[in-house]
Amino acid sequence: LFFFFNTADSIASIFSASNDLPNVRAYDVGDGVLDGYVRVGKPQEDIELFLRAAPANFRKGMEEAVAKTGRRVSCLVTDAFFWFCADMAAEMELPWVAFWTAGPAPLSAHLYTEHLRQTLGVCRGIEGREDETLHFIPGMSKVRIRDLPEGVVFGNLDSLFSRMLCDMGRALPRAAAVFLNSFEELDPTITADLKSKLNNFLNVGPFNLIATPPRASDESRCMSWLDGQGRASVAYISFESVTVPPRKEIVELADALEASQVPFIWSLKDHSRENLPEGFLKRTETRGMMVAWAPQEEILRHDAVGAFVTHCGWGS
C-alpha cells in the first residue's frame, strides 16, 4: 500500500484520469495558503507559502493516513527539494529516498554549493568573473560561473528558495537512495562523482521514453485549433506552473507576440493574466489561444508548432 501526499489541486489533476490504482491512497496536504490570504504577486510566492507550511502539513497527513488504515509508514519517498524529510525519516527511523526531477549537473551544483561559495569567495562578489570556469568541480571544467543556477553563488542567496536548495545539498548524503530522471551515459563524469558522494545514486530516466502516458484531455481544444494552422507557423509558450515570469517580462512577451502577428498558444495560469497588457486578449483572439493548461507533449508533436518558448525545464 502506498500513501500519496500532495495538495488538493495536484491530486485532482493526477488521479482524475486514473482510477485503477487500488494500492495507492491519496491524502491532501495543505498548500500553505490561509483563508483570506491576498497574494502580493512576488515571484515563487506559491512555492514559499507551500514550503513554509510543508513540514507540519506532511506530518499531519501521515498521522491521518496511519490512523485511517492502521498501516505504519515504512519509507519516505519524496521530491529531493523536501530536505526536511531527512529529519522526519530519522525521527521515525525510516529510510528516506529522494527523487531529483532534473539532470545530474544542477544536482551537482546544489551538492557543491557551500564548496563553490567558499572557493569563489562569494562574499567579495563575482562581478567581472562570470566567465571563470569551475575546473575544481568534477565534470564542470567547461562550465562558467554564469552557467550556475541562480541562488548558488549569485542572485538572492538569502531567499527561501536558495536556502532550501542549499539545505537540500547538505541533506542528500543522508538519503538511503537518490534517483533522478536521467541516464548515466549523458554525463558519466558527474554521475561517477555523485555516486561517490550519495548512497545508491540511480539514473532511472528519461521518464518520457519509459512509458507512454495516456493521452491527455484537451478541454481547451488546442489540438483541433492547431489542425487549422499552417505547418511550423505556431509559437507555443509555456513556463509550467512553477516558473512564473515577472510582470515586465509577461508584458514584453505579449507585445512581441502581438507585433509579430505569429499564431500562438500560451499556457498561462488565470491569476497571472492580470499582468497582460490591457486589451491584449481581445486584440489577439482571432490568431491566438490563451489557456490555463495545455496537453504539452501532443502540442509539441504537432506539425503546426514551429517554436517553443519555455524556461528550459528538464522535462520540457
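The buried residues of helix α4 pack against β4 (96-100), α5 (113-120), α6 (160-171), β5 (177-180), α7 (188-197) and β6 (201-203). Here buried means under 20% relative accessible area, exposed over 50% and partly exposed in between, with a 1.4 Å probe and protein chains only. Helices (H or I, at least four residues) and strands (E, at least two) are DSSP runs, numbered from the N terminus.

The model is predicted: local features need pLDDT of at least 70 and side-chain atom pairs count only at pLDDT 80 or more, whereas totals for chains, interfaces and linings use all residues. Residues are numbered from 1 along each chain as its sequence is written, and side-chain values use heavy atoms, with hydrogens and water left out.

Helix α4 (residues 104-111) has 6 of its 8 residues buried, so it is largely enclosed by the rest of the structure. The buried positions are Pro104, Leu107, Ser108, Ala109, His110 and Leu111.

Two of these residues, Leu107 and Leu111, are touched by leucine 172, as are Ala80, Trp96, Ala98, Val178 and Leu198, when residues up to four places away in sequence are not counted. Contact means heavy atoms within 4.5 Å. Leu172 also belongs to the largest nonpolar core, which has 53 residues; Phe58, Leu76, Trp96, Leu116, Val153 and Leu172 touch the most other members. Helix α2 (residues 45-69) supplies the largest share of this core, 7 residues. Such a core is a set of buried Ala, Val, Leu, Ile, Met, Phe, Trp, Tyr and Cys residues joined through side-chain atoms within 4.5 Å.

Tryptophan 314 lies in the segment after β10 (305-309). Its relative accessible area is 40%, so Trp314 is partly exposed. Beyond its neighbours within four places in sequence, tryptophan 314 is in contact with Thr101, Ala102, Gly103, Asn181, Ser182 and Leu186. Glutamate 185 is 129 residues from tryptophan 314 in sequence and 16 Å from it in space, C-alpha to C-alpha.

Over the whole protein, the secondary structure comes to 12 helices and 10 strands. The radius of gyration is 22 Å, close to the 20 Å that the globule rule gives for 316 residues, so the protein is as compact as a globular protein of that length. This radius is taken over C-alpha atoms, and the rule is 2.2 Å times the number of residues to the power 0.38. The C-alpha trace spans about 60 × 55 × 45 Å along its principal axes, and 40% of the 316 residues count as buried.
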